[in-house]
Amino acid sequence: MPRIGVDYYPEQWDRSLWEPDAMLMREAGVTVVRLAEFSWSRLEPEEGRFEFGWLDEAVELFGRHGIGVVLGTPTAAPPNWLARRYPDVLPLDSQLHPQYPGVRGHRCYNSPSLNRYAAVIVDKLASRYAHNPSVIGWQTDNEFSLIACHCPSCNDKFRAWLQRKYESLETLNREWGTVVWSGEFGQWSEVTTPLGGSKHLNPSYLLDYNRFQTDSAVAFQQMQVDILREKCPDRWVTHNLWSYPSYLDYYKLCETLDFASFDYYPHTSPDKTETSPYSGALSLDLARGVKRKNFWIMEQLSGSPGCWFPMWRMPYPGYIRAASWQSISRGADAVVHFRWRSALTGAEQFWHGLIDHSNVPGRRFREFRQLADEVNRLAPLLEGTTVRNETAILFSHEQHIALDIQPQASGMNYFENVKTYHKALTKLGIGVDVINWTEPLDGYKLVITPSLYLLDWDTASRLAQFAADGGTLVLMNRTGVKNLNNVCRMEPLPGPLAECAGVTVEEYDPIGGDMHRMTCAGGSSYEALQWADILSPVTAEPIAWYADDYFAGKPAVTLNRYGRGTVCYIGTNPEEAYFIHLFGSLADELGIGRLAGLPEGVQVSCRSKEGAAYLFIFNFTREDKEVNIGREYDSILTGGKAGSVLRVAPYGVEIVKV
Ligand code: GLA
Ligand code: ZN
């Protein structure tokens with residue numbers, strides 16, 4: 001059931017403020033708070049001395065006001081005594097310099113001391129609050145990121161990880177191709193983490209190191225999850241993800257969690273408030289895709305962000321509410337705002353909360369109150385609803401990392417290209433799931449695969465089967481380039497998908513920032529950017545051709561009938577308008593439901609369950625917009641009628657029962 005909450009730091013406020021804060025929260029409609037995720041130094045002020053009294057009191061207070069508590073395990077900020085007495089806690093960078101305490105995140109997931117002391121504090125917390133009715137669930141740590149640590153433990157564990165994967169040094173040498181530049185290893189002791197930090201290191205080595213460090217974060221979290229499950233089996237466990245692009249594989253990180261959570265800070269500058277909600281929509285769809293189910297927002301924009309960079313603009317009237325409803329419309333079941341009040345001390349004094357330093361609730365607080373009121377009112381209707389789509393984008397953390405290790409052309413970026421596909425679909429009013437590339441594809445009509453640069457035969461056959469069974473598959477350039485060990489394949493591109501695409505790449509040109517054009521069958525013309533595959537159709541039909549340079553007249557995009565389905569291959573990275581044109585016509589051919597004709601900056605999303613569906617409409621611009629929704633519906637937001645042509649105010653929201 002959707003609910004509204006705030007992040008609260010009792011340890012940062014005078015005790016006399018706790019009660020009035022809790023009362024005001026209750027009055028404003030807050031039903032959940034997150035506490036304690038950075039409070040290790042207050043929970044264990046010195047080794048083995050625990051102080052839970054203050055947290056007991058805070059939990060009791062919120063419970064008394066009917067506010068559920070999410071407790072964060074405090075492991076993202078190890079206290080100074082821990083780092084001083086056990087320096088192995090601190091990560092070492094590729095030059096072997098430690099990351100000092102003072103910020104947070106100064107901990108190596110493989111550090112024996114960190115693991116030992118983290119297990120103790122998590123165990124104490126879990127045991128203490130296991131049966132506390134006010135504690136509704138747990139957040140592990142805070143915004144895990146990939147830590148490229150080179151300490152002795154990381155070295156030992158990396159070596160053991162490689163031994164498990166490759167078994168013999170001979171296999172590792174062969175699979176990585178270490179013969180290049182005399183890099184062959186003669187003994188396991190020569191294999192270290194990639195020291196020196198050079199971009200010239202072997203890409204197979206760098207990719208495996210990234211996978212290993214993801215596994216290190218996963219193992220560190222799993223140690224905590226195991227304790228929480230054992231000591232506190234009746235509560236859920238989640239983690240708050242930072243937005244993509246991340247170096248950490250969120251799919252692996254969330255495998256054993258109950259649901260994923262995401263921290264959402266859409267940009268507030270006037271020039272970004274139209275584009276940022278589009279990339280925000282992608283982030284929210286990614287968050288839903290991590291576990292293929294509804295998720296939580298554990299931190300949501302509440303005021304101007306800033307601190308170590310100049311402050312952004314204050315959220316424009318309506319923006320906080322609209323962005324929170326946007327989260328819910330894309331599958332959030334709770335939106336917890338960061339933070340209740342702006343901090344008086346510390347590095348984040350100007351990362352504004354709902355209430356300013358003055359402690360006088362103002363415009364943003366009133367808007368939050370309205371939001372909480374609406375969400376609480378509509379929660380029973382939205383209970384059990386989720387987002388269902390017929391279109392999917394297959395996101396791949398592995399491709400993102402491999403392409404980050406070796407960028408293919410100037411200005412070409414995996415995640416930015418995913419944003420373009422997603423934005424085109426969003427502008428077309430097509431709902432899309434963004435799921436891991438390894439997920440089953442049942443129920444989808446249209447599947448878009450951003451570059452499958454690393455590709456194995458299993459994945460290729462699964463995708464070919466999807467098309468053969470009647471699906472429409474859209475493949476991008478830089479597909480089938482390498483095997484999963486980041487080694488180039490010796491066969492015409494797109495490698496294992498060449499047969500189902502009915503086309504091969506005769507030659508390619510990394511055109512980078514050079515401007516090129518392509519022309520479609522109907523005569524329309526678009527920019528062809530970043531990359532040019534010069535295509536040689538086998539069974540496929542060209543549907544767009546390059547318009548200039550030495551490859552003028554050569555096919556740039558092809559369509560192949562394959563089994564009962566269709567495979568489209570896009571050899572370049574055309575401008576957004578082309579994707580709108582292509583996805584729009586594919587969706588119409590496939591009968592994919594959409595709300596056509598959305599004005600720029602207007603987004604829609606639908607949540608439904610058996611027997612009920614609700615359409616959310618947003619205007620993320622600073623002008624009124626007219627949106628044709630086809631006919632008159634009942635507005636569940638206002639309780640009145642919503643006409644077939646809706647007028648939506650700047651940052652306005654409408655929710656209708658369809
Ligand atoms: C992240 C963290 C929060 C806070 C905000 C603002 O999202 O999880 O603790 O630091 O950033 O910087
Ligand atoms: Zn380490």
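Modeller: With a definition. A polar contact is a pair of N or O atoms within 3.5 Å; within protein, one must be able to donate a hydrogen and the other to accept it, and residues adjacent in sequence count only if both atoms are side-chain atoms. Here, a polar side-chain atom of Glu143 lies 2.6 Å from an oxygen atom of ligand 1. For Arg104 the distance to an oxygen atom of ligand 1 is 2.8 Å, and for Glu299 it is 2.5 Å. The protein covers 96% of the 300 Å² of accessible area that ligand 1 has on its own (Shrake-Rupley method, 1.4 Å probe; for residues, only the protein chains shown count as cover).

The model is predicted: local features need pLDDT of at least 70, side-chain atom pairs count only at 80 or more, and totals for chains, interfaces and linings use all residues. Residues are numbered from 1 along each chain as written, chains are lettered from A and ligands numbered from 1 in written order, and side-chain values use heavy atoms, without hydrogens and water.

Biologist: Which atoms coordinate the zinc ion (ligand 2)?

Modeller: Donors are N, O and S atoms within 2.8 Å of the metal (3.2 Å for Na, K and Ca); water is not among the atoms, so sites may look incomplete. Here they are the SG atoms of Cys108, Cys149, Cys151 and Cys154, at 2.2 to 2.3 Å. Their sequence spacing is C-x40-C-x1-C-x2-C.

Biologist: What is the arrangement of the four donor atoms?

Modeller: Four donors count as tetrahedral if all angles lie between 85 and 135 degrees. Around this zinc ion the angles are 101 to 115°, so the arrangement is tetrahedral.

Definitions and conventions. Tetrahedral: all angles 85-135°; square planar, octahedral: opposite > 155°, others 65-115°.
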